[in-house]
Amino acid sequence: MRLKNVSEKNKSDVKKTVIRCIILVVALVLIIYGLMSGGFRDVMSKAIRICYECIGIG
């Protein structure tokens, strides 16, 4: 009976690890896609404009 509980726990741990790896890969793919499509430039230009507006230059 005890071995069955250990086996079920290992399966649960494996499932969690697989799900985490899938989420990590998807996140990395989306980050790379965002960088390649120029998303970083858009975010930086908006951030610079907001900062200039806050200090009264823009």
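View 1. The chain exposes about 5,700 Å², of which carbon and sulfur atoms supply 70%, with accessible areas taken from the Shrake-Rupley method with a 1.4 Å probe and, for residues, only the protein chains shown counted as cover. This is a predicted model, in which local features need pLDDT of at least 70 and side-chain atom pairs count only at pLDDT 80 or more, whereas totals for chains, interfaces and linings use all residues. Residues are numbered from 1 along each chain as its sequence is written, and side-chain values use heavy atoms, with hydrogens and water left out.

**View 2. Helix H2 and the residue after it.** H2 has 17 residues and reaches 25 Å from its first C-alpha to its last, close to the 24 Å expected at 1.5 Å a residue, where the expected span is 1.5 Å times one less than the number of residues. Gly56 follows H2 and has a positive phi, near 90°.

**View 3. Gly34 and Phe40.** Gly34 lies in helix H1, and Phe40 is found in helix H2. Leaving aside its neighbours within four places in sequence, Gly34 is in contact with Gly39 and Phe40, contact meaning heavy atoms within 4.5 Å. Gly34 is partly exposed, with a relative accessible area of 23%, whereas Phe40 is exposed, at 52%; buried means under 20% relative accessible area, exposed over 50%, and partly exposed in between (1.4 Å probe, protein chains only).

Notes. Helix = DSSP H or I, 4+ residues; strand = E, 2+ residues; numbered from the N terminus.
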